[in-house]
Amino acid sequence: PYAQAPLNKALSTEEPQTDYKALTSYNNFYEFGTDKSDPKRYASAMETEPWSVKVSGAVEKAGTYSFDDLITPSDLESRIYRLRCVEGWSMVVPWIGIPLHKIIRRLQPTSKARYVQFETLANRKMMRGLRFPVLDWPYKEGLRMDEALHPLTLLATGLYDAPLPNQNGAPLRLVIPWKYGFKSIKSIVAIRFTEKQPVTSWNQFAPSEYGFYANVNPEVRHPRWSQATERRIGDFRRRDSLMFNGYAEEVAGLYSGMDLRTYF
Amino acid sequence: MTTAQIRIFGKPILFFMLSLPALWLTVQWALYFSGEPNGLGINPQEISNRFSGRWTLRMLILALAVSPFAALINKPWPLMFRRMVGLFAFFYVTVHLGSYLGLDLALDFSALWRDIMERVYILFGVGAFLCLLPLAATSTKGWIKRLGAPRWKALHRLVYMAGLLAALHFLFLVKGNRLEPKIYAAIIAALLLWRLYRSLGSGPIKFGDSHLL
């Protein structure tokens with residue numbers, strides 16, 4: 001089904017795509033180690049079959065779902081998105097996946113569900129990076145419901161016409177192209193619908209540096225990296241970073257009336 | 001071995017060994033710019049900054065370790081190499097700065113200024129460089145004479161500040177709870193505390209017999 005997934009042209013960028021080798025050998029996936037080359041080296045220890053996702057909280061269809069329960073192959077589509085890491089580098093990635101809203105609608109969140117929280121697998125036997133508390137494992141991320149339902153938000157299962165390699169977050173991960181990469185949580189094993197804003201890992205670790213929203217914003221400075229510029233992998237020089245990573249037209253409305261310096 | 005032998009053989013060997021990381025980095029960038037496969041990976045500037053930064057820290061640690069090591073073995077000969085190691089620390093911090101400013105920022109000085117103003121770890125890094133600069137400039141015997149030994153010695157205590165700032169630079173750079181910068185910081189702290197301990201107690205190192213190696 002991956003090679004046949006139709007390209008969603010309206011939501012895809014036409015910029016040159018980052019090499020498959022770069023996409024799969026330069027990863028932040030701290031469960032396998034903090035070096036960019038660690039995930040490729042060690043992620044093969046993660047078993048992704050069978051895979052199940054626990055759905056809980058303010059939702060009608062709570063329960064444990066297998067990968068096949070969630071992912072209907074005929075729903076898969078291809079989308080080419082920019083990916084901007086908070087560390088000041090960026091890539092252009094041809095993802096394959098299902099828009100998250102399709103899956104959320106099937107799960108039928110209740111009227112109390114205002115946020116969604118996601119959790120990454122934390123298996124000490126398969127993930128050597130868990131031996132050191134870089135973060136408070138398991139890794140958690142979250143979105144406001146309208147962000148989760150936005151047409152750009154993708155539950156990705158593939159990359160370049162093939163299923164996701166483990167280092168990229170197999171078998172299923174989130175992709176939110178207007179936010180810093182750490183929001184796009186990998187290897188998801190739990191989805192929780194909540195009334196209150198859920199805990200997210202980087203925000204919990206350093207709330208002054210990593211906000212809950214973490215929208216790409218060149219005007220909000222960061223104590224470690226310039227957010228005004230970024231290096232597109234493969235380029236020698238940096239380029240200017242764009243508001244909402246260039247997706248302002250699509251998503252700016254989600255935040256109208258909010259001070260993005262406060263809610264960064 | 002005599003002092004003269006250590007000087008004649010030891011210095012060139014040490015010089016060669018301490019040059020190797022810089023040599024490697026130069027070769028990799030040369031390969032990169034000629035479009036050849038190289039060891040700089042997917043994000044060459046990042047690798048280059050990190051590599052030169054780590055080696056700066058290692059050289060600084062080595063330079064700070066010379067005196068405690070001489071005291072430990074109760075022999076003066078290690079002190080012969082201290083200036084060279086210190087100059088290598090300055091050399092690597094220059095390579096590091098060159099990598100960051102020349103290759104990463106592509107000589108965008110307004111970006112450098114923003115980095116200094118907005119990112120405290122850059123401020124620490126620049127501070128460490130500025131501490132080492134006058135030490136490298138006054139590293140010759142002529143300068144010891146010109147300044148007088150006590151003043152020269154006092155000036156060269158700036159290396160402690162450089163070590164402290166370099167450790168902070170690395171600690172404040174990483175994201176997440178990471179072990180590596182803490183290890184470097186712990187080693188530097190130990191080497192500085194040793195000096196504090198000595199200055200409170202026994203004073204300058206006295207060797208049992210300075211002629212014996």
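How much space lies in the largest cavity? In this predicted model, the answer is about 410 Å³. Two cavities of 30 Å³ or more are present in the structure. The lining of the largest cavity is made up of 27 residues. Those nearest its centre are A:N28, A:F29, A:G181, A:F182 and A:K186. Among the elements, strand 4 of chain A (residues 89-99) contributes most to this lining, giving four residues. By class, the lining holds 17 nonpolar, six polar and four charged residues.

The second largest cavity has a volume of about 120 Å³. Its lining comprises 14 residues. A:Y180, A:E209, A:V220, A:H222 and A:F264 lie nearest the centre of this second cavity. Here the division is seven nonpolar, five polar and two charged residues. Rolling a probe the size of a water molecule over the atoms shows where such empty space is left.

The interface between the two chains was examined next. The size of an interface is often given as the accessible area lost when the parts come together. For chain B and chain A, the buried area is about 2300 Å². Carbon and sulfur atoms give 51% of that area. On the side of chain B, the residues that lose the most area to chain A are B:I42, B:K175 and B:N177. Together these three account for 32% of what that side buries. In terms of contacts, 25 residues of chain B touch 27 residues of chain A.

Polar and charged pairs also cross this interface. Residue pairs in polar contact number 16, with both partners at pLDDT 80 or more. Five salt bridges link chain B and chain A. One salt bridge joins the side chains of B:K175 and A:E87, with an N to O distance of 2.6 Å. Five elements of chain B each give two or more residues to the side that touches chain A. They are helix 1 (3-33), helix 2 (44-73), helix 3 (82-104), helix 4 (109-118) and helix 5 (120-137). The residues on this side of chain B divide into 14 nonpolar, four polar and seven charged.

Over all chains, the count of salt bridges comes to 23. One of them pairs the side chains of A:D38 and A:R41, at 3.8 Å from N to O. A:D38 and A:R41 are separated by about one helical turn, because they stand three residues apart in helix 2 of chain A.

The backbone of chain A shows several features of note. Most residues other than glycine have a negative phi, and most peptide bonds are trans. A cis peptide bond, however, joins A:E49 and A:P50, with omega about 0°. A:P50 sits in the loop between helix 2 (38-42) and strand 1 (52-57) of chain A. Another cis peptide bond joins A:W137 and A:P138, where omega is about -5°. The loop that holds A:P138 runs between strand 5 (115-120) and strand 6 (140-144) of chain A. A:S187 is not a glycine, yet its phi is positive, at about 40°. A:S187 is placed in the loop between strand 9 (173-175) and strand 10 (188-194) of chain A.

Conventions:
Residues are numbered from 1 along each chain as its sequence is written. Chains are lettered from A and ligands numbered from 1 in the order in which they are written. This is a predicted model: local features need pLDDT of at least 70, side-chain atom pairs count only at pLDDT 80 or more; totals for chains, interfaces and linings use all residues. Side-chain values use heavy atoms; hydrogens and water are left out. Contact means heavy atoms within 4.5 Å. Buried area is the accessible area (1.4 Å probe) that two parts lose on being put together, summed over both. A salt bridge is a side-chain nitrogen of Lys or Arg within 4 Å of a carboxyl oxygen of Asp or Glu. A polar contact is a pair of N or O atoms within 3.5 Å; within protein, one must be able to donate a hydrogen and the other to accept it, and residues adjacent in sequence count only if both atoms are side-chain atoms. Ala, Val, Leu, Ile, Met, Phe, Trp, Tyr, Cys and Pro count as nonpolar, Asp, Glu, Lys and Arg as charged, and the others, Gly among them, as polar. On a 1 Å grid over the protein atoms alone, a cavity is a set of points where a 1.4 Å probe fits but cannot get out, and a pocket is an open set with protein on both sides within 12 Å along at least five of seven lines; lining residues have an atom within 4 Å of a point. Grid points are joined across faces, edges and corners, and a volume is the space filled by probe spheres set on the points.
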